[in-house]
Amino acid sequence: MSKTAALLLCCALFSSRFFFANHLPIQDDPIAREIVRKAEDKMRGKTHQADLVIRIVRPNWTREMKARIWSKGKKNAAILITSPAKENGIVYLRRDKEVWNWVPSIERVVKLPPSMMSQSWMGTDFTNDDLVKEASAEDDYTHRLIGEDSLNKRFCYRIEMKPKPGTAIVWGKLLVWIDKEWYLQLRTEFYDEEGQLVNTMTGSGVKLLGGRMLTSVMEMIPAGKPGQKTMLNYESIKFDQEIPDAFFSPENIRNIR
Amino acid sequence: MKAMRLLYPSLSLLALAVACPAIVRGQDSTIRSGLTLHGYVKGLSQTTFLRKLREADHTGILHARVNLAYACGEHWRFRLETRQRLFAGNLLKQPGFTHLIAMDYGFFRLSETGNFQGNLFWHGIVDRAAVSYRTDRLELIAGRQRINWGIGTVWNPNDVFNAFNFFDFDYEERPGCDGIRAIYNLKGRGSLEMAGSAGSERSDRKAALLWRSQIGRYDIQALGGKFDSLVFAGAGFAGNLGQAGFKGEYNLYRGNASSVNDRYTLLATASLDYTFQNGWYLMGTYLYQSRGGKDLSALYNLSYQRLSPVHLMPLKHSFAGQLAKQINPVLNASFTSLYSPTSHLSIFMPSATCWMAQNWELTLLAQSLFARNNRLYQTLGSTVFLRVRYSF
């Protein structure tokens, strides 16, 4: 075979593989998808309102904040900082794909540019996007049940989730451990597009919150940064309370408290 | 008039009577149902020098703020906020400085001063004293309040009621204005606002209407009104250009006020800001002021001046840029620079803020001014500020 023919064959094989990889229907395991849906519904509800303590842990110090969160469906969310004193009253509001920030000291609404969404949220290991994200674990990923595990003496499904093409998700894939009994998300590993582990999120402290068995403590642990993590400790949650759509409007942002 | 004189001491005493026992007891911000207390105490050291540090002037300012809010049921809310400052040092010897600080531009005189043999100067002011009534769609606010209509981060031509002085970094709340304000939330997105205010001078009389809405991904606003004998119209927007934030505001004034000789005065600003993946924040903005001149003396005591919305900068063209980064969760650093081609004025403002412990914060900031005078580029002076803040 001449070099040219070999090159053409390689190109054809490569391009056909590339072509099919992008055009074959994406395999989405309905069982895995249903497990993820149940886990997501459990944490989100139609609406939810939660009080939580946020702890930023670093090797030499710890900083604590308190916040109240409201959400309605997948498009509306608001976060009010209630402590420390200097940050008290700061609000982050997401409606659809836009985010606004209320700065009470100067009594002004600031619209956040998209480039700011991937930045750390108030110095934590969460990004602005994590806190107000629209990405749905059920709708925006394909799912594959890849095994079963035991985690903290609880039996779990192990599911691989890959973002669907066209979604604005920065991860290459997620590995999720979901408790078989209560559908609790006990562990999530976030991998970048090169397959490198970036963050690990764990759920623990299973207890009755808002009438549901939930993990009350979540920890976001960045890879390769020993002694560094951010903890979210849920103190109370209310599900499915009536929250009008107007609550999540920039016009109402200064009245959120 | 006697009753007017009693306003400041009465409101201050009320604030202190509620705040002091709660602070002493180390109570949470919620004193009791509906009543919240916040505030801070700041110690600011200010060193000003022209060329040689050994010839510097030193001033110390102790600054306390008490913010009280009381929510009475679903509809009513009361706010009372006071600011107390105690000055000591060389700044007191500058001619006119204490007079500048003591100015009360409100319709009601809600401030007092005390001069202790020229060595200590005290200034107290109630800068918020307002009552609001809110229903689902309508909110009415009456009293001393901040009416903030600005969008940008450095200059705000649309902010006609409480013009924001970017240099006065130690007073981010800004003085309130005595007025009434009605906000009506429209169906879907948007609102209509009507506001009027009055002050100690004729030029403080303002009345304006603001409409806010959204077009696509852009928040937009249009406003118009009367400011002394001037009429004005303006607009503003906040949106995105790609991944960057894009904001702008303009105001056009028409009329013959004593302070405005030209028939029309235009102030227009636009800004772009972008945050890089590695966390660096970059912002650039430009202000055009049609009545801007070349007189640099207007920069005297820029940090303590009350700005008029018609004179946000003394110069015609002004550019500003900011580079900032959160180095880690407890350390923020930024470098802000202003430049005006008029006289090649340059102002540099590096700053770093460090979180020391829960509710304790340390800020180091400098302001350096340079300009070209007789073809020579020379310093107009520098000030270094060191500030400790305790928030409660």
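Two strands are taken to pair if DSSP finds at least two bridges between them. Strands themselves (E, at least two residues) and helices (H or I, at least four) are DSSP runs, numbered from the N terminus. The structure is a predicted model, in which local features need pLDDT of at least 70 and side-chain atom pairs count only at pLDDT 80 or more, while totals for chains, interfaces and linings use all residues. Residues are numbered from 1 along each chain as its sequence is written, and chains are lettered from A and ligands numbered from 1 in the order in which they are written.

In chain B, strand S16 (residues 317–328) and strand S17 (residues 331–340) pair in the antiparallel sense through 9 bridges. Gly321(B) has Ser337(B) of S17(B) as its bridge partner. Between S16(B) and S17(B), which form a hairpin, there are 2 residues. S17(B) is also joined to strand S18 (residues 345–357) of chain B, by 10 bridges and again in an antiparallel arrangement. Here Leu331(B) stands opposite Cys354(B) of S18(B). The hairpin of S17(B) and S18(B) has 4 residues between its strands, and Ser343(B) in this hairpin adopts a positive phi near 60°.

Chain A comprises 3 helices and 13 strands. Of its 257 residues, 32% count as buried; a residue is buried if 20 or more other C-beta atoms lie within 10 Å of its own, exposed if 12 or fewer, and partly exposed in between, with C-beta atoms placed from the backbone. Two residues are in contact if their C-beta atoms, likewise placed from the backbone, lie within 7 Å. Among contacts in chain A between residues at least 6 apart in sequence, 45% join residues at least 24 apart.

Helix H2 of chain A (residues 30–44) has 15 residues and reaches 20 Å from its first C-alpha to its last, close to the 21 Å expected at 1.5 Å a residue, the expected span being 1.5 Å times one less than the number of residues. Ala32(A), Arg33(A), Ile35(A), Val36(A), Ala39(A) and Met43(A) are the buried residues of H2(A). Viewed down the axis of H2(A), these residues fall within an arc of 160°, so they line one face of the helix; the arc is that of the directions from the helix axis to the C-beta atoms. The face turned away from the buried side of H2(A) carries the exposed residues Pro30(A), Ile31(A) and Asp41(A). The cover over the buried residues of H2(A) includes strands S7 (141–151), S8 (154–163), S9 (173–179), S10 (185–191) and S12 (212–222) of chain A. Gly45(A), with a positive phi near 65°, follows H2(A).

A nonpolar core is a set of buried Ala, Val, Leu, Ile, Met, Phe, Trp, Tyr and Cys residues joined through C-beta atoms within 7 Å. The largest such core has 29 residues, and Ala78(A) and Val91(A) have the most contacts inside it. Two or more residues of this core come from each of strands S1 (47–58), S2, S3 (76–83), S4 (91–95), S5 (98–103), S12 and S13 (229–239) of chain A. With neighbours within four places in sequence left aside, Val91(A) is in contact with Ala78(A), Ile79(A), Leu80(A), Trp102(A), Ile253(A) and Ile256(A). A second, separate core of 20 residues includes Met43(A), Met161(A), Val176(A) and Tyr183(A).

Glu107(A), in the loop between S5 and S6 of chain A, has a positive phi near 50° and is not a glycine. Glu107(A) is buried, with 20 other C-beta atoms within 10 Å. Asn152(A), also not a glycine, has a positive phi of about 50° and lies in the loop between S7 and S8 of chain A. Asn152(A) has 13 C-beta neighbours inside 10 Å and counts as partly exposed. A cis peptide bond with omega of about 5° joins Ser83(A) and Pro84(A), and Pro84(A) is found in the loop between S3 and S4 of chain A.

Between the chains, 26 residues of chain A are in contact with 31 residues of chain B. Strands S2 (61–72) and S6 (108–111) of chain A each supply at least two residues of the side of chain A that touches chain B. Ser391(B), in strand S20 (residues 376–391) of chain B, touches residues that include Pro84(A), Ala85(A) and Lys86(A).
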